Amino acid sequence: MSLRPARPADAAAIAAIYAPIVEHSIISFELVPPDAAEMRSRIEATLQRLPWLVSLDAQGAVNGYVYAGRHRERAAYQWSVDVSAYVRADTRGQGVGRRMYEALFPLLAALGYCQAFAGIALPNAASVGLHEAVGFEPLGVYRKVGFKHGAWHDVGWWQRPLQSPAAPQPLRAWDESLWHAARATA
């Protein structure tokens with residue numbers, strides 16, 4: 001398995017991983033799977049400020065992805081991000097999610113981010129296990145916050161520190177050179 005920054009050309013593979021999650025589970029609260037064009041737009045928008053990474057299987061096909069997004073709109077939240085990871089069904093349970101997150105967190109810290117948050121639709125033991133294994137701690141639960149597949153669902157929230165400066169530094173925008181620098185020192 002290898003990792004690299006996502007490219008707009010990965011959109012179809014990413015959409016294919018995400019579509020069954022949207023259609024057949026409560027893991028995502030989207031109701032209609034985004035197509036490749038929409039996913040391409042999301043990748044391009046994210047990469048303007050934040051990293052989006054993909055995992056590649058032994059054949060070089062995308063088998064997972066992880067990305068960060070803005071936590072909230074108000075200015076004082078700017079040093080916090082929400083993170084998400086998705087893994088292709090046939091490679092779940094093989095450490096793909098863990099490796100992607102372990103690559104993402106130092107990049108976010110290098111950009112100046114201090115806290116990462118993850119919302120997990122419940123129940124989802126696999127996602128809870130992954131997030132806790134990479135250092136997230138539970139915060140609380142939004143009860144009956146999403147309605148999908150004919151029922152109300154809870155979302156648990158987890159938090160992981162990325163760094164703890166006395167005062168935050170100005171944020172940097174994502175630049176793929178950070179990926180190459182991180183790989184060179186790893």
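**Exercise 1.** Determine whether Y65 is buried or exposed in this predicted model.

Solution. The relative accessibility of Y65 is 1%. Buried means under 20%, so Y65 counts as buried.

**Exercise 2.** Classify the aromatic pair formed by Y18 and Y86, and state which parts of the chain the pair ties together.

Solution. A search of the whole structure finds 10 aromatic pairs. For Y18 and Y86, the ring centres are 5.1 Å apart and the planes stand at 65 degrees. An angle over 60 degrees counts as edge-to-face, and the pair is therefore edge-to-face. Y18 belongs to helix 1 (residues 11-24) and Y86 to strand 4, so the pair ties together parts 68 residues apart in sequence. The rings of Y65 and Y67, by contrast, have centres 6.2 Å apart and planes at 10 degrees, so this pair is stacked. Ring pairs link Y18, W52, Y65, Y67 and Y86 into a cluster.

**Exercise 3.** Describe the location of R88 and the polar contacts of its side chain.

Solution. R88 is placed in the loop between strand 4 (80-87) and helix 3 (96-110). Its relative accessibility is 21%, so R88 counts as partly exposed. The side chain of R88 makes a polar contact with the side chain of D57 at 2.9 Å, and another with the side chain of D90 at 2.5 Å. Leaving aside residues up to four places away in sequence, R88 touches several residues, including I17, A61 and N63.

Key: Residues numbered from 1 in each chain as written. Predicted model: local features only at pLDDT ≥ 70, side-chain atom pairs only at ≥ 80, totals over all residues. Heavy atoms only, no water. Helix = DSSP H or I, 4+ residues; strand = E, 2+ residues; numbered from the N terminus. Buried < 20%, exposed > 50% of the residue type's maximum accessible area, 1.4 Å probe, protein only. Contact = heavy atoms within 4.5 Å. Polar contact = N/O pair within 3.5 Å; in protein donor to acceptor, adjacent residues only side chain to side chain. Phe/Tyr/Trp six-rings, centres within 6.5 Å; stacked < 30°, edge-to-face > 60°.
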